[in-house]
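Me: I am new to this structure. Please walk me through how to read its features, one at a time.

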Amino acid sequence: MKKIGLIISLCFIGFSCNTSKKEEIVKNAELVMYKPSEMALLMNEMYQFNEKTKEKIIKNEDLGEFPANFLNIHSAILTDPTVRTSNFEAFSKGFITNQQMLFSDPSKATKEQFNVMVNSCVACHKTTCIGPIPKIKKLLIP
Ligand code: HEC
């Protein structure tokens with residue numbers, strides 16, 4: 001039972017940013033269930049959505065609508081609220097502009113624009129949260 005709990009917790013925190021926090025969570029794995037922040041949940045949603053978008057671009061399918069809830073990147077509660085600086089806001093705006101571009105005009109729903117968007121995820125992550133970068137880079141369309 002103890003082991004199962006630990007394995008489950010490790011799965012959940014696999015991509016979180018702060019290593020010391022991770023250790024603390026693992027130590028307390030049996031007492032405290034890891035609760036992802038609003039921002040972590042939004043990020044995972046953005047990841048999954050863009051996995052599907054990648055497939056659609058490769059297959060040349062219609063992308064549908066820009067998910068308006070991605071704008072919550074400007075307000076979602078972070079695990080570490082001090083991360084939200086003016087710099088972070090600039091990266092958020094850049095990412096949203098690049099993501100919206102894919103949906104604003106079918107001629108812009110290209111592999112190139114998709115990769116520009118993914119690189120704007122990576123650009124912010126380099127400044128705030130390096131853990132998930134290898135995972136995010138897997139979204140890039142070769
Ligand atoms: C403006 C900066 C910024 C942008 C842009 C950004 N991220 Fe993040 N991302 C973060 C921060 C900060 C966290 C940590 C969130 C937290 O723990 O509250 C995070 C967390 C994550 C996580 C880990 C979530 C977890 O379970 O802990 C993944 C995966 C992720 N981002 C993927 C992406 C993808 C994919 C994109 C682009 C589609 C993206 N991010 C764009 C800053 C950003």
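Me: Which protein atoms are donors of the iron atom of the ligand?
Reply: Donors are N, O and S atoms within 2.8 Å of the metal (3.2 Å for Na, K and Ca); water is not among the atoms, so sites may look incomplete. Here the protein donors are Met-43, through SD, and His-125, through NE2. They lie 2.0 to 2.3 Å from the iron. Keep in mind that this is a predicted model: local features need pLDDT of at least 70, side-chain atom pairs count only at pLDDT 80 or more, and totals for chains, interfaces and linings use all residues. Residues are numbered from 1 along each chain as its sequence is written, and side-chain values use heavy atoms, with hydrogens and water left out.

Me: Where do Met-43 and His-125 lie?
Reply: Helices (H or I, at least four residues) are DSSP runs, numbered from the N terminus. Met-43 lies in helix α3 (residues 38-58) and His-125 in helix α5 (residues 111-128), so the pair ties together parts that are 82 residues apart in sequence.

Me: What is the geometry of the iron site?
Reply: Six donors count as octahedral if opposite donors are over 155 degrees apart and all others between 65 and 115. This site has 6 donor atoms, with angles of 85 to 179 degrees among them, and is octahedral.

Me: Is His-125 buried or exposed?
Reply: Buried means under 20% relative accessible area, exposed over 50%, partly exposed in between (1.4 Å probe, protein chains only). His-125 counts as buried because its relative accessibility is 10%. Met-43 has 26%, so Met-43 counts as partly exposed.

Me: Which residues around the ligand come nearest?
Reply: A residue is near a molecule if one of its heavy atoms lies within 4 Å of it. There are 27 residues around the ligand, and Met-43, Thr-79, Cys-121, Cys-124 and His-125 come nearest. The shell holds 18 nonpolar residues, 9 polar and no charged. In this count Ala, Val, Leu, Ile, Met, Phe, Trp, Tyr, Cys and Pro are nonpolar, Asp, Glu, Lys and Arg charged, and the others, Gly among them, polar.

Me: Which polar side-chain atom lies 2.5 Å from an oxygen atom of the ligand?
Reply: A polar contact is a pair of N or O atoms within 3.5 Å. The atom at 2.5 Å belongs to Thr-79. Asn-44 has a polar side-chain atom 2.9 Å from a ligand oxygen.

Me: Which helix gives the most to the shell?
Reply: That is α3, with 7 residues.

Key:
Tetrahedral: all angles 85-135°; square planar, octahedral: opposite > 155°, others 65-115°. Helix = DSSP H or I, 4+ residues; strand = E, 2+ residues; numbered from the N terminus. Polar contact = N/O pair within 3.5 Å; in protein donor to acceptor, adjacent residues only side chain to side chain.
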